[in-house]
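Please keep the sequence and the model at hand while you read.

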Amino acid sequence: MNEVLLSLGLGDYQIEITPWTLFGLIGNALFTGRMLVQWWASERAGRSVVPVAFWWMSLAATAVLLTYAYGRRDIPFIIGMSVTLVPYIRNLSIYYRPHKPPRPLGPILAAAILLGCVPVLIWREEELNHGWFWVGLLGNAIFMSRFFVAWVYSERRRRATLPLMFWWLSLVGSLILLSYSVAGGDLVFILAFTFNGIPYVRNIMLIRRERRRRASATAEAPLPQPSQPA
């Protein structure tokens, strides 16, 4: 799986395409496709919305990319992908069971932590001494925190939705992870984070436009008239 099929030069960096790269591109297609689905649904609605397909595609993409990250021994992405499995599963649960009380997520969270911690224990010597490791870890911390922000937001409203902060965290985290991926010569994650910034920015614009529309409608609404004595 690590046999080099093609090698490309990108400035001072070298990108190697292996069978793992081709496998990872499947996850990348799902990862990017979910954003296109969400973007298309939002444009049709004229506001930022989240179809259930977004959560299913997120879950499938994460499973593929987590396997890919293990194959690449990429600890920051292993940790990031492992932990974000939890809010994906939870948001699907909220979508299908909005009126049910939340179920305990202890076993799922424990499994996610285990998936993320095992490679740190096995491969820590070389990776922890590399400066880009910490850049990747920071980017993943910001990027994966967006779903925990969305999770809290969804729990309060009992519906799966994505607030404005989600999109800002997505944009900042993706820019950091794009730099990390270019430095590591990882074509799969370079492609993943190169184009996803477009729907992130568009959702920020849609949410802000919707807020301005609501504020304008509230300001223009007639004031209630005091009741006249009989």
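**Pockets, a cavity and helix pairs**

Helix 8 (residues 197–220) gives the most to the lining of the second largest pocket, with four residues. Helices here are DSSP runs (H or I, at least four residues), numbered from the N terminus. This is a predicted model, in which local features need pLDDT of at least 70 and side-chain atom pairs count only at pLDDT 80 or more, while totals for chains, interfaces and linings use all residues. Residues are numbered from 1 along each chain as its sequence is written, and side-chain values use heavy atoms, with hydrogens and water left out.

**The second largest pocket**

- A pocket is an open set of points on a 1 Å grid over the protein atoms alone, with protein on both sides within 12 Å along at least five of seven lines, and its lining residues have an atom within 4 Å of a point.
- The second largest pocket holds about 430 Å³ of space, a volume being the space filled by probe spheres set on the grid points, which are joined across faces, edges and corners.
- It is lined by 16 residues, and those closest to its centre are Arg47, Ser48, Arg159, Thr161 and Arg214.
- By class, the lining of this pocket has nine nonpolar, two polar and five charged residues; Ala, Val, Leu, Ile, Met, Phe, Trp, Tyr, Cys and Pro count as nonpolar, Asp, Glu, Lys and Arg as charged, and the others, Gly among them, as polar.

**The cavity**

- One cavity of 30 Å³ or more turns up in a search of the whole structure; a cavity is a set of grid points where a 1.4 Å probe fits but cannot get out.
- The largest cavity contains about 120 Å³ of space.
- Among the 16 residues lining the largest cavity, Phe31, Met81, Thr84, Tyr88 and Phe143 are the closest to its centre.
- Helix 1 (19–45), helix 2, helix 3 and helix 5 (131–157) each supply at least two residues of this lining.
- The lining of the largest cavity divides into 10 nonpolar, four polar and two charged residues.

**Helix 1 with helix 2**

- Two packed helices are described by the angle between their axes and the distance between the axes.
- The axes of helix 1 and helix 2 cross at roughly 155° and come within 8 Å; axes are lines fitted to C-alpha atoms, for helices over the stretch in contact, and angles run from 0 to 180 degrees between N-to-C directions.
- That makes helix 1 roughly antiparallel to helix 2 (an angle over 145 degrees).
- Their crossing is left-handed, as the near helix is turned anticlockwise from the far one by less than a right angle.
- The contact of helix 1 with helix 2 has 15 nonpolar, nine polar and one charged residues.

**Helix 2 with helix 3**

- Helix 2 (residues 52–72) and helix 3 (residues 75–96) have axes that come within 9 Å and cross at roughly 160°.
- Helix 2 is therefore roughly antiparallel to helix 3.
- The crossing of helix 2 and helix 3 is left-handed.
- By class, the contact of helix 2 with helix 3 has 17 nonpolar, five polar and no charged residues.

Technical notes:
Angles under 35 degrees count as roughly parallel, over 145 as roughly antiparallel, 65 to 115 as roughly perpendicular and the rest as oblique.
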